[in-house]
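Dear colleague,

Please find below the sequence and structure for your files. A summary of what was found follows them.

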Amino acid sequence: MEAAAVAWTAAGVGMALVYWFVWVMGAAEVKGKRAVDLKMGSITNDKVRDKYTQYWSFFRRPKETATTEASAEKVPAFVDTFYNLVTDIYEWGWGQSFHFSPSLPGRSHREATRVHEERVSDLLGAKPGHRLLDVGCGVGGPMRAIAAHSGSQVVGITINEYQVNRARTHNRKAGLDSRCEVVCGNFLSMPFADASFDGAYSIEATCHAPRLQDVYGDVFRVLKPGGLYVSYEWVTTSLYRADNSEHVEAIHGIERGDALPGLRRQDEIASIAKEVGFEVLKELDLALPPALPWWTRLKMGRIAYWRNSLVVRVLTMLRVAPKGVSEVHEMLYETAQHLTRGGETGIFTPMHMVLLRKPAAAADTK
Ligand SMILES: C=C(CC[C@@H](C)[C@H]1CC[C@H]2C3=CC[C@H]4[C@H](C)[C@@H](O)CC[C@]4(C)[C@H]3CC[C@]12C)C(C)C
Ligand SMILES: C[S@@+](CC[C@H](N)C(=O)[O-])C[C@H]1O[C@@H](n2cnc3c(N)ncnc32)[C@H](O)[C@@H]1O
């Protein structure tokens with residue numbers, strides 16, 4: 001009798017622990033995504049591993065993906081696959097804004113994220129009546145913050161259909177669907193009319209473009225003359241040394257784990273903007289002091305990543321999550337180490353900000 005009671009108690013405690021670990025601890029803090037709801041975008045469960053393998057073999061040597069025209073053309077499709085694989089994990093472990101921001105003393109990550117997004121809105125001078133373009137909008141965290149802060153209309157574009165659906169759901173839930181619209185498409189050739197936006201922005205998204213000229217050129221085309229464009233770019237800084245193997249390893253690690261066809265140098269951005277016709281009004285690395293490190297959030301998350309990895313394994317074993325999720329999670333964990341290294345050494349920044357203007361007298365097309 002006593003043995004039975006012990007067994008029942010142990011079973012009860014076990015169940016409670018699993019519940020706590022997976023449903024409670026594994027649940028989104030403020031993010032709206034729980035571990036038990038992890039999907040791999042529009043990839044069916046039986047294809048997750050194959051898709052991950054295909055992704056990995058394509059981006060294994062990131063620099064080569066941009067150098068031949070044939071492989072550069074394939075980049076958007078592989079970026080789409082990447083976001084099918086990672087979107088739910090990002091939402092679960094990070095939130096609805098897929099970018100970094102400088103830490104703010106005494107303020108939460110959520111607040112620091114919002115401040116970084118509102119800065120874009122303020123740089124653009126966004127206001128009610130303006131129609132803004134969000135280039136590479138993810139699931140729309142920045143779009144909702146900017147629409148709420150400025151009162152403007154925002155149209156977002158993403159290559160990934162699954163993100164379109166997530167973003168629309170979040171917009172509806174936030175009561176912002178009348179001011180936030182989401183379109184599935186390629187930002188290298190956008191389905192928008194010439195001179196149809198008052199302003200545009202991209203937050204940590206154009207780094208996926210094999211040629212920055214293509215995306216900047218198309219943003220230039222859809223902006224009204226006099227319209228402003230703000231971009232937060234992922235770049236290597238002047239501290240990066242191509243003959244330093246540690247530097248090379250960190251940068252390759254960042255490129256491989258983030259679907260990047262080769263990072264650009266910080267000093268290339270403004271000249272590319274000018275090449276397509278923009279005036280450069282401001283250029284600043286927002287990660288430089290007095291800004292506090294953006295990578296501390298990644299470092300602080302280590303215990304949570306360990307827990308997440310266990311949760312993902314348990315869910316895969318229980319067949320709640322598809323096979324292959326653990327590999328994707330592991331890849332992200334390694335990417336986080338490379339990003340941290342890039343931040344600590346100062347060879348990489350994810351927030352090189354440029355404020356650009358299409359000249360008032362510019363022709364409507366590039
Ligand atoms: C701009 C891009 C994405 C930037 C970041 C939002 C993401 C870069 C690396 C991601 C993560 C790394 C570790 C994950 C962790 C192992 C997991 O348990 C929970 C999610 C992570 C923290 C995940 C979250 C998003 C990132 C920080 C790129 C793609 C251009
Ligand atoms: C790291 S996420 C950033 C999302 C959003 N800006 C944010 O901060 O939350 C990069 C985004 O760029 C989009 N993207 C990448 N390449 C694209 C392309 N060729 N066309 C359209 N969107 C693209 C991805 O689908 C994703 O939504």
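In what follows, axes are lines fitted to C-alpha atoms, for helices over the stretch in contact, and angles run from 0 to 180 degrees between N-to-C directions. Helices (H or I, at least four residues) and strands (E, at least two) are DSSP runs, numbered from the N terminus. This is a predicted model, in which local features need pLDDT of at least 70 and side-chain atom pairs count only at pLDDT 80 or more, while totals for chains, interfaces and linings use all residues. Residues are numbered from 1 along each chain as its sequence is written, chains are lettered from A and ligands numbered from 1 in the order in which they are written, and side-chain values use heavy atoms, with hydrogens and water left out.

Helix packing

Helix α5 (residues 109-124) and helix α6 (residues 141-150) have axes that come within 9 Å and cross at roughly 55°. In contact terms (heavy atoms within 4.5 Å), Glu117, Glu118, Val120, Ser121 and Asp122 of α5 meet Gly141, Pro142, Ala145, Ile146, His149 and Ser150 of α6.

Helix α2 (residues 48-59) packs against helix α13 (residues 325-345) at an angle of about 35°, their axes being 9 Å apart. Here Val48, Arg49, Tyr52, Tyr55 and Trp56 of α2 meet Val325, Glu327, Val328 and Met331 of α13.

The axes of α2 and helix α9 (residues 245-257) also come within 9 Å, crossing at roughly 140°; the two helices are therefore oblique to each other. Tyr55, Trp56 and Phe59 of α2 and Glu255, Arg256 and Gly257 of α9 make this contact.

Cys180 lies in strand β3 (residues 180-184). At 5% relative accessibility, Cys180 counts as buried (under 20% relative accessible area, with exposed over 50% and partly exposed in between; 1.4 Å probe, protein chains only). Beyond its neighbours within four places in sequence, Cys180 is in contact with Met143, Arg144, Ala147, Val154 and Asn171.

Yours sincerely

Terms used:
Parallel < 35°, antiparallel > 145°, perpendicular 65-115°, else oblique.
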